[in-house]
Amino acid sequence: MQRIDHPLPWGMPGTQRSLTVLRFGAGSRKAYIQASLHADELPGMRVAVELKRRLRELEAEGRLRGVIELVPVANPIGLGQMFQATHQGRFELGSGRNFNRDFPALDVLIGEALVGRLDDDAEQNVARVRQAMRQALDNLPSAGSELQGLQRLLLRHACDADLVLDLHCDFEACVHLYALPQQAEALKPLAARLGAGALLMAEDAGGSSFDEACSTPWLRLAPRYPQLPLACLAATVELGGMLDTGAERCTAQAEAILAFLAERGLIDGAWPEAPAECCPATPFDGAQYALAPHAGVVGYLQPVGARVAVGDPLFEVIDPLDDRHSIVRAETAGIVYARERLRFAQPGLWLVKVAGATPIRQGRLLSD
Ligand SMILES: [Zn+2]
């Protein structure tokens, strides 16, 4: 294991944060796994602890068939953001920006640089594009903030990987994944191994999130350079709810991820087969984000993982002063894959998410 420490820019005098990447194995294939980019989403960090332990073992046994880079703390800025005993790891306190939005668009940065540089050697073309991506990130003007510096470092390590997994969680949730529709089939073995309840597919969820920053450049370069494959399989993996940091669950999730890496040719040896059963891939614009019609105290009427039909009650909200009582119902048939942890309804904040098969939303799909 090699440990790489990158100092982040714009540390205040007397403070210096750094990003640490753990690198295992060697070879031309590469997987990149990061945890807790939303710094208060800690199941990924716990899974990364197991991954680190196991990758050390596998490396010592000579079983790694490529490079695996692991970033157990993808967001040291957010990790330190305790505000009056509450962890605020999703938005940078100084700027209000979501840590997992607005990553650089590599296809825009390298599009022109590829003119005349690709031929009919598919493997070489992929290598040339990756080289151009690394170069483009290195050639950017200095980062304007600590957050921008962090985002560029993360993408610099991930952009030349064959497989990228960004480990997150929701408030209360079953395991679910976000990725490109073109990659649904390739990700099903991982979803099945993790016992996922939903596999949400979108080509552009509208936030330039990390997984899309890794996978979509290939998609967007393809019309102009049809010889390019979709060379980066990337997913945001929501490992469950915020409280799911228990050893048994996280150890099993780490083993599931390692078995998937083995299936993708990065690790040798015998691994359990992926279960044949997997949740269906559904369009992300088919997910209902159920909101309350007014303020009030919330009671849920469905557990996470429940299968609901149109019209089934999802939650009730009650105004404690005027006794207004509303039941919010499913507008699509599907799986309740996430619930808010707060029990007080507020304007514009979703309370339940249902993964349905029929598109019902337009525009920006990601909430902030
Ligand atoms: Zn997250």
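Two residues are taken to be in contact if their C-beta atoms, placed from the backbone, lie within 7 Å. On this criterion, in the predicted model, 14 residues of domain 1 are in contact with 13 residues of domain 2. The elements giving two or more residues to the side of domain 1 that touches domain 2 are β8 (172-173), β9 (176-179) and β10 (198-201), and the largest share of that side, 3 residues, comes from β10. By class, this side of domain 1 comprises 10 nonpolar, 2 polar and 2 charged residues. The domain assignment places domain 1 at residues 2-279 and domain 2 at residues 283-356, and the centres of the two domains, taken over C-alpha atoms, are separated by 30 Å.

The largest nonpolar core contains 103 residues, and those with the most contacts inside it are Ile-68, Val-164, Leu-177, Ala-191, Leu-199, Leu-200 and Val-354. Helix α8 (residues 247-263) provides the largest share of this core, 7 residues, while at least three residues are drawn from each of domain 1 and domain 2. When residues up to four places away in sequence are not counted, Val-164 touches Tyr-32, Ala-158, Asp-211, Cys-214, Cys-232 and Ala-234.

An open sheet is formed by 4 strands in the order β17-β16-β14-β19, with antiparallel pairing. Strands β17 (325-329) and β19 (344-345) stand at the edges, each with a single partner strand, so one side of each is left without a neighbour in the sheet. The antiparallel pairing of β14 (residues 296-300) with β19 extends over 2 bridges, and Gly-296 stands opposite Ala-345 in β19.

Conventions:
Residues numbered from 1 in each chain as written. Predicted model: local features only at pLDDT ≥ 70, side-chain atom pairs only at ≥ 80, totals over all residues. Core = buried A, V, L, I, M, F, W, Y, C linked by C-beta atoms within 7 Å. Buried ≥ 20, exposed ≤ 12 C-beta atoms within 10 Å, placed from the backbone. Domains from an automatic or database assignment. Pairing = 2+ DSSP bridges. Nonpolar A, V, L, I, M, F, W, Y, C, P; charged D, E, K, R; others polar.
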